[in-house]
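Subject: Structure handover

Hello,

Here is the structure I promised to pass on. Please open it first, then read my notes below.

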Amino acid sequence: SDHMENICGYLMKYTNLVTGWQYRYFVLNNDAGLLEYFVNEQSRHLKPRGTLQLAGAVISPSDEDSHTFTVNAASGEQYKLRATDAKERQHWVSRLQICTQHHTEAIGKNNPPLKSRSFSLASQGSANSPGVQRRPSQNAVSFFNVGHHRLPTGKRVPIMQPDHLVDVREMMSQAEGQQRDLIRSIECLPASGHLTSLDQDLLMLKATSMATMNCLNDCFHILQLQHASQQKGSLPAGATISWLEPKISLANHFKNGAAQNFPAEINKPASVREEQSIAEPCELTREPEEINPDEELEDICDDKEDDLGAVEEQRSVILHLLSQLKLGMDLTRVVLPTFILEKRSLLEMYADFMSHPDLFIAITNGSSPEERMIRFVEYYLTSFHEGRKGAIAKKPYNPIIGETFHCSWRMPKSSVASDAGTNSSAHCPSEQVTLPKDPEGQVEPDCYTVKFVAEQVSHHPPVSGFYAECVERNMCVNAHVWTKSKFLGMSIGVTMVGEGVLHLLEHGEEYTFSLPCAYARSILTVPWVELGGKVNINCAKTGYSASINFHTKPFYGGKLHRVTGEVKQNMTNTVVCRVQGEWNSVLEFTYSNGETKYVDLTKLSVTRKRVRPLEKQGPFESRRLWQHVTESLRDGDIDKATEHKRALEERQRNEERLRAETETPWCTKYFLKDGDGWVYHKPLWKTVSAAQTQPTDSN
């Protein structure tokens, strides 16, 4: 405490918004455990420009030089700072570490482990022993009877020798045994009565105790790798330090009524029997089908996902599911409950990212490479808002292998921004675009058509390919996405692995881009979605690139859905445009000439996609394939929706098993494997190239 002094002074801070380092005035507030910074010393009486909570933070001197260090907050936010010399860096680092340690220990003292209820499980039948007893003095440590010792402050932790690891393993084995006994005791409780096996507090205890033991096991594994590296001088070949995958099958681990007994085949609805009886996809025609846009009608479906009723009613099911999962666990093969599903397939969700086709077409109208890159960034950032259906985080259907989705958009040419400036439709009010028609009701030729097709090309891993083109403007986009879902405790993270390429054939330009990660937060209360991670857009021919950061909300303070980015010319390293704002609200674009434009995403005009009626769709087109699940969800019949969903998934597993037994490879319909990616079988760049190379008739 003698060294707990408030210090202040100038440090250089690196930021992504402004290239390079900037001097900022920093203040270490020891009493509050905060590191604050201001533009300068004179503005210290104003609100800080930024604040970091130091409790649980990690202060790390950098290896790159003797002046730089980082402050990594428990919230995930990071400050990269630089002092004037090594001595000043050491002064700041030591004071920050002392403050961090003090407030981290204070949290542990002031917030002991949560008090838990003590259940006399062995005496449920005794009249003298109530089913539930409150013991305020009992916490999680005493419940499991596992002791711990605090290391003296300031002493260095000795390197663990093998016998110490053996002792730790023995203690963990005892704790695991007690945790298994606890789980068995809870699951043996009656299904009804004063205290049941589905009691929400008990389910929460199952979930947290399972997560705690899994974390301890993974930490023990890291200690073992660390010891091995110290013995050999480096990590074993191929070894990685990461969260471990589960050692047991979820299917064998689910108990406590999780397994559902479905009615016998004869009692199943006709629609379910129909779903199970659809022929093996490879026995159907796998020849690509040319979709006639004239058969497509404007989509009238408007399934907003704002209903919380089902989530509230199914809280115990969610808790039971969480008790079986493990931090970092891959959820690809986990069957999630039906009530958390959106009423659309993932393939259709990709199509909904194209709901502003006017901005998409306007990209190629840019008069210069710089303007075209900026237009693409504007279109890219406006695509995510319409891709979400409502504020509630729900999950689209996992497409089954061979599933396809087709749609198109028609845009009046007058509504697309020309090359006379930046995107003119950015300020249009939110409205549905009406197409001009001739007296016979046909769409006039002064409209652009954007066609879209998506296909699930792989089941394990789950990979989707999608392609969109506007023939009139000689532009198309091809992408493949592998969705990797992981359990993160009270949230679920989805990594979008893959790449997209936008082709502007008129200019001979290709723009490669990636997609951000998505997170479903607060899955036990009101689930919501946020995007996170850094994405890059590059055009090798012009030398322009864009770097976009989707910021997740810090634990303390901060804004939701924040996004920042910049467009630069790589040869000169000149920033030509900066963007900041929220990806689902208002974006601010600042250009190199000093102009600023605001885009209110909630007021952008939305063009409804055009989809063929169900009766004209093939059996593996998304809406027809999932129609019974969707209808049941609309009616609020979760059990019926689950039955239809299970029938589709069971058919897919049977087909996959049959292909494995007969060694029959899967045949895709619209996309072809190309290295690590997938490419549409008849992309526009090939058809245009073929047309240009055809010999002309001299007659």
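Arg 473 is buried, with a relative accessible area of 15%. Here buried means under 20% relative accessible area, exposed means over 50%, and partly exposed lies in between (1.4 Å probe, protein chains only). The side chain of Arg 473 forms a salt bridge with that of Glu 506, at 3.4 Å from N to O. This pair links distant parts of the chain, 33 residues apart. Glu 506 sits in the loop between β17 (492-504) and β18 (509-513), and Arg 473 in the loop between β15 (463-470) and β16 (475-487). Glu 506 counts as partly exposed, at 45% relative accessibility.

Before the rest, two notes on the source. This is a predicted model, in which local features need pLDDT of at least 70, side-chain atom pairs count only at pLDDT 80 or more, and totals for chains, interfaces and linings use all residues. Residues are numbered from 1 along each chain as its sequence is written, and side-chain values use heavy atoms, with hydrogens and water left out.

Salt bridges

A salt bridge is a side-chain nitrogen of Lys or Arg within 4 Å of a carboxyl oxygen of Asp or Glu. By this rule there are 21 salt bridges. Another one joins the side chains of Glu 566 and Arg 578, at 4.0 Å from N to O. It also links distant parts of the chain: Glu 566 is in strand β22 (residues 562-569), Arg 578 in strand β23 (residues 574-582), 12 residues apart. Glu 566 is buried, at 14% relative accessible area. Arg 578 is partly exposed, at 33%.

Glu 649 and Lys 645 also meet through their side chains, at 2.9 Å from N to O. They are 4 residues apart in helix α14 (residues 638-662), so about one helical turn separates them. Glu 649 is buried at 17% relative accessibility. Lys 645 is buried too, with a relative accessible area of 8%. Salt bridges with shared partners also join Asp 299, Arg 344, Glu 348, Asp 352, Lys 609 and Arg 623 into one network.

Helices and strands

Helices (H or I, at least four residues) and strands (E, at least two) are DSSP runs, numbered from the N terminus. Helix α13 (residues 627-634) is mostly covered, with 6 of its 8 residues buried. Among them are His 628, Val 629 and Leu 633. Just after α13, Gly 636 takes a positive phi of about 75 degrees.

Two strands pair if DSSP finds at least two bridges between them. Strands β1 (residues 7-14) and β2 (residues 21-29) pair in the antiparallel sense over 8 bridges. Tyr 10 has Tyr 25 in β2 as its bridge partner. β1 also runs antiparallel to strand β7 (residues 78-82), joined by 2 bridges. There, Met 12 is partnered by Arg 82 in β7.

Cavities

A cavity is a set of points, on a 1 Å grid over the protein atoms alone, where a 1.4 Å probe fits but cannot get out; lining residues have an atom within 4 Å of a point. Grid points are joined across faces, edges and corners, and a volume is the space filled by probe spheres set on the points. There are 4 cavities of 30 Å³ or more. The largest cavity has a volume of about 180 Å³. Its lining has 14 residues, with Phe 353, Tyr 379, Ser 383, Phe 466 and Phe 513 nearest its centre. Helix α11 (residues 369-387) gives the largest share of that lining, 5 residues.

Best wishes

Methods
On a 1 Å grid over the protein atoms alone, a cavity is a set of points where a 1.4 Å probe fits but cannot get out, and a pocket is an open set with protein on both sides within 12 Å along at least five of seven lines; lining residues have an atom within 4 Å of a point.
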